[in-house]
Amino acid sequence: MFYVSKQQVNKPSRTCKEYNASNEQQGNKMGGFAGGDEAGYWEENTFQDTQNMDRDKDVFHLKKEHDQLSIRAHARIDVFVKLTGVQEEKLNLLCRSVRADNIYDTISFVPSVCECFTIEGCDEIPIHENSITHAYKALIDFTDDSDIEEFFKEHKVVVKKNIPKKIGFGSAASDAASFLLLCKEACSLVLTMDELMHIGNSSGMDMAFFLHPHTSSTLLGSGEIVTPFPEAPLQFEYFIPTTDLDDTVILGHIFNQTQDTLACQTFRTFTQLESLKILEQSVDPADLNDFYAAALQVYPKLAQEARPGWFFSGKAFIRVLSQDRA
């Protein structure tokens, strides 16, 4: 996944206390765990049985096993990405993104006595640079809730990595978004989607797609406008080209182009088609993906690695797994 902005757009912070005050008449209370028990920070029924979870959580495969809670952090596959212009140093796009049903990390909260916020499974990433840590700090800043901090003194975050890093499948943002959603469940946090989006933005992650409970979505703007597209989950296979692709160089090439030279086809009709149909009707992956078209201009040797029937997402070649290959 590519970042589509030269600068981060900051939004005013909203504290837990401000949220509580604005919702006092409705009887809603944020600030940690439902019920607002100051004496203890969770009830025994915090971890709900899987069969009682609402349908949205099925997308994330959120489940309880014994005394730990886990969630899947799926890879994001961009079926098509069309750039529609540049505005205020941001790329506007039209994009169909889907969750890869078979490519995902797993985030779990496991009981453990911890002196500080602890993540296992990402040893190669310094904890202060981990996207989950950024999401945790943004959550604490937003809620101003010490109960969440207490929770993570008795639980550690365990990550089982399956999504390759730095190939544009959004593993960092997906892990961070799934962490927030798991916190919302484990801590019974009263957070709206807008507030989750704000927390995601505050952490510096492009989480919009991953926070919404949809298998497939159409993205507009800089990717922050998410419209669900109903379709069955898809499984993918991929291979990583040997050509070393630099996001910064590719994006710099795009930003240096004029509005007239950007490939600005609207692809509006594609927004009405299922993702599999789009891929079946397309021949040239560069027609589907303007980032890939730009990458070919910067790295011409990339074309030599393309294979018939494969398309491009992030920085990898992909294709839908047929039933006989799944």
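1. Let me start with α4, since that helix is mostly covered: 14 of its 16 residues are buried. Buried here means under 20% relative accessible area, exposed over 50%, and partly exposed in between, with a 1.4 Å probe and protein chains only. Keep in mind that this is a predicted model, where local features need pLDDT of at least 70, side-chain atom pairs count only at pLDDT 80 or more, and totals for chains, interfaces and linings use all residues. Residues are numbered from 1 along each chain as its sequence is written, and side-chain values use heavy atoms, with hydrogens and water left out.

2. Helices (H or I, at least four residues) and strands (E, at least two) are DSSP runs, numbered from the N terminus. Just past the end of α4, S188 has a positive phi of about 50°.

3. K166 is not a glycine, yet its phi is positive, about 60°. Most residues other than glycine have a negative phi. With a relative accessible area of 75%, K166 is exposed.

4. H66 is another one to check: its phi is near 60°, again positive in a residue other than glycine. H66 sits in the loop between β1 (63-65) and β2 (68-87). Its relative accessibility is 74%, so H66 counts as exposed.

5. Strands β6 (residues 216-221) and β7 (residues 225-228) run antiparallel and are joined by four bridges; two strands pair if DSSP finds at least two bridges between them. T218 faces T227 in β7. Three residues lie between the strands, and in this hairpin G223 adopts a positive phi near 100°.

6. Last, the open sheet: three strands in the order β8-β10-β9, paired antiparallel. β8 (236-239) and β9 (311-313) are at the edges with a single partner strand each, so one side of each has no neighbour in the sheet. From one strand to the next, the twist averages 45°; axes are lines fitted to C-alpha atoms, for helices over the stretch in contact, and angles run from 0 to 180 degrees between N-to-C directions. Three antiparallel bridges link β9 to β10 (residues 316-320), and S313 stands opposite A316 in β10.
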